Amino acid sequence: MRIQTIDKMDEVHQAPHKNNTGECRCIQCGKNAACRFRALEVRTLHVRDMDREKRVQALGDYRDFAVCTECAEQKLREIVSYRGNILRKCLPFGLIFAIGCVLTAVFISKDRVMMTLGIAAIVCGILGIWSFVTKGTEKAREYKVKSKEKALHDASWELITECAPAKEGDNDLTYIPIDPETLSRKNGDLMVLYDLLPDIAVQAHKKLHEI
Ligand SMILES: [Zn+2]
């Protein structure tokens, strides 16, 4: 399925980073991809100032990404039937929980510090699994009421945010998707949704409407 909104945008605004052949490769598997996205890069640097950490942010370039139909559908299936991934995704928390149980059982009434560590690990494991299950349930519910086209579009964007470069040097890289939904948002919405500083949200809003 082609994602109409993105294709229409590409017709209006030629992608600044599109290669000479005009081909788009899937960000996950490298196959030719029909579903194209343009995004505005945001660079965030965390700096320490007088014992406080503060963020310095700047807008980067426009970036072009693509996702093939197979990868988009696979990602959508993962989101909607997230329970199938519980074992794999929760394995680290399951291990923490198991280690906590062992520590607590071995050191109970023998070593208060180790026993406390064990209890902390049990709580951490339970919270991790609980967080995955509740977030997964909520997201699956949201996706189930979307149209197929919208669900594939949003699943593709989620895949891009997972696969796109997240760091360049000391900078964290994040991306604002450029699509009709984003263009309809106000400064404050952009600030909250994409964790932008107030000035950067204003600049982003202006830049998004300039292209
Ligand atoms: Zn792919």
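**Notes on the predicted model**

1. Helix α2 (residues 69-80) packs against helix α5 (residues 148-163) at an angle of about 95 degrees, and the two axes lie 8 Å apart. The model is a predicted one. Since angles of 65 to 115 degrees are classed as roughly perpendicular, α2 and α5 are therefore roughly perpendicular to each other.

2. The contact between these two helices can be listed by residue. From α2 come C71, A72, E73, K75, L76 and I79, which meet A151, L152, A155, S156, E158 and L159 of α5. By residue class, this contact of α2 with α5 comprises eight nonpolar residues, one polar residue and three charged residues.

3. The length of α5 is consistent with its residue count. Its 16 residues, at 1.5 Å a residue, should span 22 Å, and the C-alpha atoms at its ends are 22 Å apart, so the two values agree. Within α5 the buried residues are A151, L152, H153, D154, A155, S156, W157, L159 and I160. The contact with α2 includes A151, L152, A155, S156 and L159, and these residues are buried.

4. Which residues have the most contacts inside the largest nonpolar core? They are A39, L40, V67, A72, A155, I176 and A204, in a core of 29 residues. At least two residues of this core are supplied by each of β1 (35-49), β2 (52-67), α2, α5, β4 (171-177) and α8 (198-208). The largest share, six residues, comes from α5.

5. L40, one of the core residues with the most contacts, may be examined individually. With its neighbours within four places in sequence left aside, L40 is in contact with L59, Y62, Y175, I176, I178, A204, K207 and L208. Among these partners, I176 and A204 also belong to the group with the most contacts inside the core.

6. On the overall arrangement, the chain contains eight helices and four strands. Their order along the sequence is α-β-β-α-α-α-α-β-β-α-α-α. Of the 211 residues in the chain, 23% are buried. Among contacts with a separation of 6 or more, 69% join residues 24 or more positions apart.

7. The buried residues of α4 are G118, A121, G125 and G136. Helix α3 (86-107) is included in what covers them.

8. A140 is also found in α4. Is A140 buried, partly exposed or exposed? It has 15 C-beta neighbours inside 10 Å and therefore counts as partly exposed. Apart from residues up to four places away in sequence, A140 touches I79, V80 and Y82. The C-alpha atoms of A140 and I79 are separated by 5.7 Å, although the two residues are 61 residues apart along the chain. I79 is also one of the α2 residues in the contact with α5.

9. A further pairing across the sequence involves I86, which is found in helix α3. I86 and F132 are 46 residues apart in sequence, and their C-alpha atoms are 8.0 Å apart in space. I86 counts as partly exposed because it has 14 C-beta neighbours inside 10 Å.

10. K54 lies in strand β2. It is exposed, because 11 other C-beta atoms lie within 10 Å. Not counting residues up to four places away in sequence, K54 touches V47 and D49.

11. Two backbone values deserve a check by eye. Most residues other than glycine have a negative phi. S109, which is not a glycine, has a positive phi of about 65 degrees. S109 lies in the loop between α3 and α4, and with 6 C-beta neighbours inside 10 Å it counts as exposed.

12. The other value concerns D195, a residue other than glycine whose phi is positive, near 55 degrees. D195 is found in the loop between α7 (187-193) and α8. With 15 C-beta neighbours inside 10 Å, D195 counts as partly exposed.

Methods. Residues numbered from 1 in each chain as written. Predicted model: local features only at pLDDT ≥ 70, side-chain atom pairs only at ≥ 80, totals over all residues. Axes fitted to C-alpha atoms, helices over the stretch in contact; angles between N-to-C directions. Parallel < 35°, antiparallel > 145°, perpendicular 65-115°, else oblique. Contact = placed C-beta atoms within 7 Å. Nonpolar A, V, L, I, M, F, W, Y, C, P; charged D, E, K, R; others polar. Expected span 1.5 Å × (residues − 1). Buried ≥ 20, exposed ≤ 12 C-beta atoms within 10 Å, placed from the backbone. Core = buried A, V, L, I, M, F, W, Y, C linked by C-beta atoms within 7 Å.
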